[in-house]
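Let's read a protein model together, feature by feature, in question-and-answer form. Have the viewer open as we go.

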Amino acid sequence: MPRTVITFGTFDVFHVGHLRVIERAAALGDRLVVGVSADALNISKKGREPVFSQAERIAIVAALKPVDAVFVEESLELKRDYILEHQADVLVMGDDWAGRFDEFNDICEVVYLPRTPAISTTALIEKISGTG
């Protein structure tokens, strides 16, 4: 029986940490579905607009070899609906979210992957802008 894996993220200023989490998520199943945070969701989560637009971020993620499907994540509160809609067997999130999505263990396996050390979109933006 094929296993569908689902993961979510903003994927702004795409870097090797993003690539590694996508590759590791894909390795946990046969099909990888990625929810890319809508611009409005990113603003509400992080208090700033993404550097790259929603359409650009979706295009970047969709072009990655391990990714089978991409959709727009409109709300954090709809995670259960997204998991069910895409018939995901596994939910993968970064370990900075550890425990936050355990409530979905009733409908899928929940896996928290370690983040790539010493790299973050926020740190990259600060470095590029000269504020960090």
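**Reading the model step by step**

A: Leaving out neighbours within four places in sequence, Phe-52 is in contact with Asp-12, Val-13, Asp-39 and Arg-57. Contact here means heavy atoms within 4.5 Å. This is a predicted model, in which local features need pLDDT of at least 70 and side-chain atom pairs count only at pLDDT 80 or more, while totals for chains, interfaces and linings use all residues. Residues are numbered from 1 along each chain as its sequence is written, and side-chain values use heavy atoms, with hydrogens and water left out.

Q: Where does Phe-52 lie, and is Phe-52 buried, exposed or partly exposed?
A: Helices (H or I, at least four residues) and strands (E, at least two) are DSSP runs, numbered from the N terminus. Phe-52 lies in the loop between α2 (39-46) and α3 (54-62). For accessibility, buried means under 20% relative accessible area, exposed over 50%, and partly exposed in between (1.4 Å probe, protein chains only). Phe-52 is partly exposed because its relative accessibility is 32%.

Q: How many residues of strand β1 are buried?
A: Six of the six residues of β1 (residues 4-9) are buried, so the strand is largely enclosed by the rest of the structure. You can check each face: Thr-4, Ile-6 and Phe-8 are buried on one side, and Val-5, Thr-7 and Gly-9 on the other.

Q: Which strands are joined to β1 by bridges?
A: Two strands pair if DSSP finds at least two bridges between them. Six bridges join β1 to β2, and these strands run parallel. Val-5 has Leu-32 as its bridge partner in β2. The chain goes from β1 through α1 to β2 in a right-handed β-α-β crossover. Right-handed means that, with the strands pointing away from the viewer, the path from the first strand over the helix to the second runs clockwise. Three bridges join β1 to β4, again with the strands running parallel. In β4, Val-5 is partnered by Val-90.

Q: Which residues of helix α1 are buried, and where do they sit around the axis?
A: An α-helix has 3.6 residues a turn, so residues three or four places apart point the same way. In α1 (residues 16-26), the buried residues are Gly-17, His-18, Val-21, Ile-22, Ala-25 and Ala-26. They lie on the same side of α1 because they cover an arc of only 165 degrees around the axis. That arc is taken from the directions from the helix axis to the C-beta atoms.

Q: How many residues does the largest nonpolar core have?
A: In soluble globular proteins, nonpolar side chains tend to be buried together. A nonpolar core is a set of buried Ala, Val, Leu, Ile, Met, Phe, Trp, Tyr and Cys residues joined through side-chain atoms within 4.5 Å. The largest one has 16 residues, and those with the most contacts inside it are Phe-11, Ile-22, Leu-32, Val-34, Val-61, Val-67 and Val-92. At least two residues of this core come from each of α1, β2 (31-37), β4 (90-94) and β5 (109-113). The largest share, four residues, is supplied by α1. Apart from this core lies another, of 13 residues, among them Phe-8, Phe-101, Cys-108 and Val-110.

Q: Which residues other than glycine have a positive phi?
A: Most residues other than glycine have a negative phi, and most peptide bonds are trans. Phe-11, in the loop between β1 and α1, has a positive phi of about 55 degrees. Phe-11 counts as buried because its relative accessibility is 4%. Gln-87, found in the loop between α4 and β4, has a positive phi of about 50 degrees. Gln-87 is exposed, with a relative accessible area of 63%.
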